[in-house]
Amino acid sequence: SYLLSSVTALGMCCVGVGRYFTSCAVFSNLMCVCLSDLFLCCLCVADLREIVFVIQSQSNSFHMSWAERQRADLLQQTQSLTQTPPPVLLLHSLTDNEGDWSILPLLPYLSSLFGKNSSWLVFLEEETNVKVTKLLQALRKFDRRKEWFLGKPLHDEESTIIHHYAFAENPSIFKYPDFSAAWALSIPLLDRSDDPLKSDFTIDLKHEVALYIWENGHGPRLTAVPELCTEPEHSPTAQHCATTLRRPAPLCGEPVKKEDIFVAVKTCKKFHSERVPVVKKTWEREASLLEYYSDHTDPSIPTIDLGVPNTERGHCGKTFAILERYISDAVPKTSWLLVVDDDTLISLPRLQMLLSCYNPSEPVCLGERYGYGLGQGGYSYITGGGGMVFSRAAVVRLLASDCKCYRDDAPDDMVLGMCLNALGLPVTHSSLFHQARPEDYSRDFLAHQVPISFHKHWNIDPVAVFNRWLKDESVSTRPHGLNKSTKEEL
């Protein structure tokens, strides 16, 4: 009777999708095989019910809307395959913990919810496009009763500070997943992933997830799945892919006007002749409103002394003075504030495009997100070197609170993160901002990006790095900003 009911269910499955195919047959191994110009497996109800999709969503309104669209697309694909759709979870809405984006502290919770009735957790980023039929075909290659960690592998070309110089003797030996291509955990692996986190800091989550699961050789390494891809969804090279990258077109409208972004560059006297000239040679010309803030007034640049002594690290006092100046009458009123270091390399035209997606009337705090103590109720923060972007509404909320620096040399980005957390304001992540140099990131990871920023001049020619990675030749000649391909990539 079990065999009969299984075959009946399979037959119903084939009927559900039969309109897409020219013929359909049921084989004794309980697999439906539908034949047409393309060879595809007809999905079984049980397969879908055993998968839990987790969209790595964020609580900003733009990101929520993209995640909802992605969930609707997944559910629409599964409608004709089963009456009971698979769970499609939005990461930002699972609990009240703002640090859920770091995923690892959430694994025991997910195990308690889905450990008994599911086989796979599949994690997707908002821009990941999924072909459900091909994804299930790919997952069928793996015994769901075993521990599996699946994804598209990335590796480091050289040891890097963002990975704490791990595997320094041979950095390429350790593989970690490209989240954009989707990644998956089998439930047996999830069931034992309840060890405490090894570090207080969350810097590059995809690398830290892989380290946590590998557990110094006691757990599985990442297994490459060729069907998990980062090609554009309509690329001719993506025919075999179960996942591709979605390209929003148009992005979100016209770029934000340069006159609506106030740029604050933090510097000090000892870098006036070393770092400031690089800013002037590269990206300063794209700014309409820009001021340099230093511990020394230099009219040749010019710089502004905010009355805060220079500190070797932290710069919290200087950053809060910048925030106060931004909402005062001393500078033109704009919707956006960008705070950068004097060794930040950034594309302002690309930032203008990205900001077209965000509502400046909302408290937006945008950049590359790090975390501190997220497994113990800590907080998220925008790491300063890659650039911190604030809407005017966010700055007003911050300064209206009692939050302030506990010392002038406190880490400004982390103090701001604590303040935002206390106010219940989300930190919004964009992987297009980078705290380190291009050399510190996987080549394959950067290959499907049009980056907005990098940071540090150490051991590189910063002007050459800017020209290679951040300069758009078309910006000065096109009245509406970036060319079409760059808009689509962003």
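Mentor: Residues are numbered from 1 along each chain as its sequence is written, and side-chain values use heavy atoms, with hydrogens and water left out. As the model is predicted, local features need pLDDT of at least 70 and side-chain atom pairs pLDDT 80 or more, while totals for chains, interfaces and linings use all residues.

Trainee: Why is Phe-174 called buried?

Mentor: Buried means under 20% relative accessible area, exposed over 50%, and partly exposed in between (1.4 Å probe, protein chains only). Phe-174 has 2% relative accessibility, so Phe-174 counts as buried.

Trainee: And what makes Phe-167 partly exposed?

Mentor: Its relative accessible area is 24%, so Phe-167 is partly exposed.

Trainee: Why is the pair of Phe-167 and Phe-174 called stacked?

Mentor: Rings of Phe, Tyr and Trp (its six-membered ring) pair if their centres lie within 6.5 Å; planes under 30 degrees apart count as stacked, over 60 as edge-to-face and the rest as tilted. Here the centres are 4.7 Å apart and the planes at 10 degrees, so the pair is stacked.

Trainee: How do you know that Arg-369 lies over the face of Trp-101?

Mentor: A charge sits over a ring if NZ of Lys or CZ of Arg is within 6 Å of the ring centre and within 35 degrees of the ring normal. Arg-369 lies over that face at 4.0 Å from the ring centre. Likewise, Arg-392 lies over the face of Tyr-326, at 4.5 Å from the ring centre.

Trainee: What makes H7 mostly covered?

Mentor: In H7, 9 of its 10 residues are buried, among them Leu-205, Val-209 and Trp-214.

Note on methods: Helix = DSSP H or I, 4+ residues; strand = E, 2+ residues; numbered from the N terminus.
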